[in-house]
Amino acid sequence: MPSVTVWNEYIHEREDDAVAEVYPDGIHAAIAAALDERGHETRTATLEEPEHGLTEAVLDDTDVLLWWGHIAHDEVDDSVVDRVVERVTEGMGLIVLHSAHASKPFTRLLGTPCDLTWREGDERERLWITDPGHAIVDGLGESIVIEETETYGEPFGIPEPDSLVFTSWFEGGEVFRSGCCYRRGRGKVFYFRPGHETYPIYHRDDIQQVLDNAVRWAAPSEGADAHGGNRNVDPPEST
Ligand code: ZN
């Protein structure tokens with residue numbers, strides 16, 4: 001099973017009682033427990049730890065990194081971002097959650113602002129599955145309905161996804177590309193929208209199923225021993 005690290009800035013849960021009620025040990029702990037229950041080897045890391053908990057050793061032992069952030073994107077050290085981006089291009093999977101659309105690793109890897117519109121209206125969301133054969137939706141029905149959530153809307157400033165797995169409809173009329181897959185180098189990247197800190201969304205079985213599937217999908221494959229570089233001194237044989 002893939003080795004998973006769940007990263008969280010871990011600020012709202014410590015500063016806001018309403019959030020602490022939903023996630024008493026932090027969003028990272030809730031997600032890690034869910035993935036652990038589903039058989040993955042999990043650890044957590046947070047902003048306040050040395051090197052944000054993402055040392056060379058931790059990343060070397062991470063097959064898939066999950067990332068939740070919201071109000072402290074700018075506090076993430078660029079040297080740690082460099083390390084994460086490099087590991088993704090080498091094959092580590094990255095799952096970017098909710099407001100981490102504006103996080104440094106995601107915007108660096110995608111190369112666009114990844115901005116969007118949002119509204120806090122406690123409205124209903126239906127995530128339509130728009131790629132039913134994709135491994136990330138294994139075991140789900142035709143859609144996921146969340147009765148109360150924060151609203152996101154298009155335009156979403158991302159490059160065209162390689163696969164668009166979920167498209168959300170919101171009660172207020174907005175639509176949003178909620179499940180987006182990318183390849184960056186050898187690594188796989190998945191953006192998944194649900195997960196505002198004041199709603200118990202990561203406690204839901206269907207959302208945990210998506211995260212479990214996404215970890216399996218994003219885990220590195222062995223791949224080929226083929227690399228670029230100067231071949232002047234050792235040209236491939238001509239046939
Ligand atoms: Zn939010």
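Buried means under 20% relative accessible area, exposed means over 50%, and partly exposed lies in between, with a 1.4 Å probe and protein chains only.

## Basis of the model

This is a predicted model, in which local features need pLDDT of at least 70 and side-chain atom pairs count only at pLDDT 80 or more, while totals for chains, interfaces and linings use all residues. Residues are numbered from 1 along each chain as its sequence is written, and side-chain values use heavy atoms, with hydrogens and water left out.

## Salt bridges

A salt bridge is a side-chain nitrogen of Lys or Arg within 4 Å of a carboxyl oxygen of Asp or Glu. By this rule the structure has 16 salt bridges.

One of them joins Asp-78 and Lys-104, with 2.9 Å from N to O. This pair links distant parts of the chain, 26 residues apart: Asp-78 belongs to helix 5 (residues 78-90) and Lys-104 to helix 6 (residues 104-110). Helices (H or I, at least four residues) and strands (E, at least two) are DSSP runs, numbered from the N terminus. Asp-78 is partly exposed, because its relative accessibility is 46%.

Arg-87 and Glu-90 also form a salt bridge, at 3.5 Å from N to O. The two residues are 3 apart in helix 5, so about one helical turn separates them. Arg-87 is buried at 16% relative accessible area, whereas Glu-90 is partly exposed at 44%. In another salt bridge, Arg-119 pairs with Glu-123, and their closest N and O atoms are 2.9 Å apart. Arg-119 is partly exposed at 30% relative accessibility, and Glu-123 is buried at 16% relative accessible area.

## Nonpolar cores

In soluble globular proteins, nonpolar side chains tend to be buried together. A nonpolar core is a set of buried Ala, Val, Leu, Ile, Met, Phe, Trp, Tyr and Cys residues joined through side-chain atoms within 4.5 Å. The largest such core here has 36 residues, and Leu-66, Phe-166 and Phe-190 have the most contacts inside it. Helix 7 (residues 205-218) gives the most to this core, namely 7 residues. Apart from this core lies another, of 34 residues, which include Ala-45, Val-84, Phe-106 and Phe-156.

## Cysteines

A disulfide is a pair of cysteine sulfur atoms within 2.5 Å, and the structure holds 0 disulfides. Cys-114 is in no disulfide, its nearest cysteine sulfur being that of Cys-180, 9.5 Å away. For Cys-180, the closest cysteine sulfur is in Cys-181, and the 7.6 Å between them is too far for a bond. Cys-114 is buried at 0% relative accessibility, and Cys-180 is buried at 1% relative accessible area.

## A nonpolar surface patch

Trp-128, Trp-169 and Val-175 make a nonpolar surface patch of about 270 Å². Patches are made of residues with over 30% relative accessible area and no salt bridge, with like charges joined within 9 Å and nonpolar side chains (Val, Leu, Ile, Met, Phe, Trp, Tyr) within 5 Å. Accessible areas come from the Shrake-Rupley method with a 1.4 Å probe, and for residues only the protein chains shown count as cover. Trp-128 lies in strand 5 (residues 117-129) and is partly exposed at 36% relative accessibility.
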